[in-house]
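This report goes through one protein model, part by part. Look at the sequence and the structure first, then read on.

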Amino acid sequence: MSQRSISHIAENPMPGDVIELQESGEDDCERLLRVLAVIEDHVGFKEYGKGRFWLHKKAWKARIERSTVRKVFRPGDHDLPF
């Protein structure tokens with residue numbers, strides 16, 4: 001398994017990356033995000049309990065950086081993306 005940090009995932013997400021974020025806001029709960037696809041400058045991901053979404057890479061990185069808690073739950077791997 002690779003040694004991808006949260007900064008690697010923010011800059012260059014890859015399918016199979018699973019991260020846990022705690023965002024300040026309405027409910028302050030932790031969210032689990034799984035990268036499904038990266039196409040050009042967009043990231044397709046699943047937010048467990050909410051659905052699937054697409055974000056521009058800049059917005060993806062900004063969301064991670066705004067989070068108060070950031071953890072790598074499972075790093076993606078080119079050989080075993082899921």
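Leaving aside its neighbours within four places in sequence, which residues is Arg4 in contact with?

## The model and Arg4

The model is a predicted one, in which local features need pLDDT of at least 70 and side-chain atom pairs count only at pLDDT 80 or more, while totals for chains, interfaces and linings use all residues. Residues are numbered from 1 along each chain as its sequence is written, and side-chain values use heavy atoms, with hydrogens and water left out.

Apart from neighbours within four places in sequence, Arg4 is in contact with Ile9, Asn12, Pro13, Met14, Asp17, Val72, Pro75 and Gly76; contact means heavy atoms within 4.5 Å. Arg4 lies in the segment before α1 (6-11). Helices (H or I, at least four residues) and strands (E, at least two) are DSSP runs, numbered from the N terminus. With a relative accessible area of 17%, Arg4 is buried. Buried means under 20% relative accessible area, exposed over 50%, and partly exposed in between, with a 1.4 Å probe and protein chains only.

The side chain of Arg4 has two polar partners to look at. A polar contact of 2.7 Å joins it to the side chain of Asp17, and the backbone oxygen of Asn12 lies 2.7 Å from a polar atom of the Arg4 side chain. A polar contact is a pair of N or O atoms within 3.5 Å; within protein, one must be able to donate a hydrogen and the other to accept it, and residues adjacent in sequence count only if both atoms are side-chain atoms.

## The sheet

Two strands pair if DSSP finds at least two bridges between them.

β1 and β2 run antiparallel and are joined by five bridges. Across this pair, Ile19 stands opposite Leu33 and Leu21 opposite Arg31. Six bridges pair β2 with β3 in the antiparallel sense, and Ala37 has Gly44 in β3 as its bridge partner. β3 and β4 also pair antiparallel, over six bridges, with His42 opposite His56 in β4.

## The turns

The hairpin of β2 and β3 has two residues between the strands. Glu40 lies in this loop and is exposed, with a relative accessible area of 73%. Its phi is near 50°, a positive value in a residue other than glycine. Most residues other than glycine have a negative phi. In the hairpin of β3 and β4, three residues lie between the strands, and Gly49 takes a positive phi near 90°.

## Helix α2

Which residues of α2 (57-66) are buried? They are Trp60, Arg63 and Ile64. Seen down the helix axis, the buried residues of α2 fall within an arc of 95°, so they line one face of the helix. The arc is that of the directions from the helix axis to the C-beta atoms. Lys58 and Arg66, on the other side of α2, are exposed.

The buried residues of α2 pack against α1, β1 (18-22), β2 (30-39), β3 (42-47), β4 (51-56) and β5 (69-74).

## The nonpolar core

The largest nonpolar core has 10 residues: Ile9, Ala10, Ile19, Leu21, Leu33, Val35, Val43, Phe45, Trp60 and Ile64. A nonpolar core is a set of buried Ala, Val, Leu, Ile, Met, Phe, Trp, Tyr and Cys residues joined through side-chain atoms within 4.5 Å. The elements giving two or more residues to this core are α1, β1, β2, β3 and α2.

One of the core residues is Leu33. Leaving aside neighbours within four places in sequence, the contacts of Leu33 include Ile19, Leu21, Phe45 and Trp60. Arg34, found in strand β2, is buried too, with a relative accessible area of 18%.
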